[in-house]
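Please keep the sequence and the model in view while reading.

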Amino acid sequence: IAANSMTSRFRSPGMYLAYLLQAAIAFNVLLAVIFKPQDVLIGLSLFLIALLIYVFSWKTKIMFPWFVYALVSLAVLIHISGYIQGRYLAFVRWDVLAHTVSGTIVALIGFLVILFWDKIKNYNLDAAFIGIFIVFFGCVFEYFWEIWEFCIDTFLGGSAAGLMQADNADTMTDMIFVLIASLIVGIGCYYYLKHYGKETIFHNMVKDSTYLKKFNV
């Protein structure tokens, strides 16, 4: 019964958008194979990264809301097309778009992390604290990402798409947009929790899974 339930959830209407985005990622890998062999490794790596969340759900039977899968695939699609189709160089604000979408994903990951940690440890955190945690989680990750970009530019001369940080304004713009994305997700999750409740949201994600039983969840 659980297997059938998981299969039906993987076939829900929202998931097909995630699959379409995943197919677009695969198409970019094909473009690299045909036109840019030097970027095939990058393309395959990003394609596999995008698959991780699907594999994780299939193995653990923990099913996240469909938009999590779609946004993960969208973030990877923006990055892979930025490299393989040269959009980082062709569009001045493509990097800002990439940071904004990625910041949204990281904030959502922060939401899932604190939700599961709260349940496992029985902290009984309220919606306001969780919303604030999400904002800080997204911003802290972006802070370390900008350090990573600085190191890549300083010690390796940039990435396959060129320098990752054009100047201080570029860095600050990325950080500001990630802050905005984190705030939107934090506020959205606050109202999501207030409307549906932590127990209902958590149960919908793990109802087909036995993976968390060892944590007495």
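This is a predicted model: local features need pLDDT of at least 70, side-chain atom pairs count only at pLDDT 80 or more; totals for chains, interfaces and linings use all residues.

## Helix packing and selected residues

Residues are numbered from 1 along each chain as its sequence is written, and side-chain values use heavy atoms, with hydrogens and water left out. Helices are DSSP runs (H or I, at least four residues) numbered from the N terminus.

Two packed helices are described by the angle between their axes and the distance between the axes. The axes are lines fitted to C-alpha atoms over the stretch in contact, and the angles run from 0 to 180 degrees between N-to-C directions.

| Helix pair | Axes come within | Crossing angle |
|---|---|---|
| Helix 4 (residues 66-84) and helix 6 (residues 94-121) | 9 Å | roughly 150° |
| Helix 3 (residues 40-60) and helix 4 | 9 Å | roughly 175° |

The crossing angle makes helix 4 roughly antiparallel to helix 6, a description that applies to angles over 145 degrees. Helix 3 and helix 4 are likewise roughly antiparallel to each other.

Which residues bring helix 4 and helix 6 together? Contact here means heavy atoms within 4.5 Å. On the side of helix 4, the residues include Phe 67, Leu 71, Ala 75 and Ile 78, and on the side of helix 6 they include Trp 94, Leu 97, Val 101 and Leu 108. By class, this contact has 14 nonpolar, five polar and no charged residues. Nonpolar covers Ala, Val, Leu, Ile, Met, Phe, Trp, Tyr, Cys and Pro; charged covers Asp, Glu, Lys and Arg; the others, Gly among them, are polar.

Between helix 3 and helix 4, the residues that meet include Ile 42, Leu 46 and Tyr 54 of helix 3, and Tyr 69, Val 76 and Ile 80 of helix 4. The residues of this contact divide into twelve nonpolar, four polar and no charged.

Helix 4 itself has 19 residues and reaches 27 Å from its first C-alpha to its last, close to the 27 Å expected at 1.5 Å a residue. That expected span is 1.5 Å times one less than the number of residues. Helix 4 is mostly covered, with 14 of its 19 residues buried. Buried means under 20% relative accessible area and exposed means over 50%, with partly exposed in between (1.4 Å probe, protein chains only). After helix 4 comes Gly 86, which has a positive phi near 70°.

Two residues other than glycine also have a positive phi. Asn 122 has a value of about 55°, and Asn 124 has one near 60°. Asn 122 lies in the loop between helix 6 and helix 7 and is exposed, with a relative accessible area of 63%. Asn 124 is found in the loop between helix 6 and helix 7 and is exposed at 62%.

Leaving aside neighbours within four places in sequence, Asp 153 is in contact with Gly 158, Gly 162, Leu 163, Met 164 and Gln 165.

Key: Angles under 35 degrees count as roughly parallel, over 145 as roughly antiparallel, 65 to 115 as roughly perpendicular and the rest as oblique.
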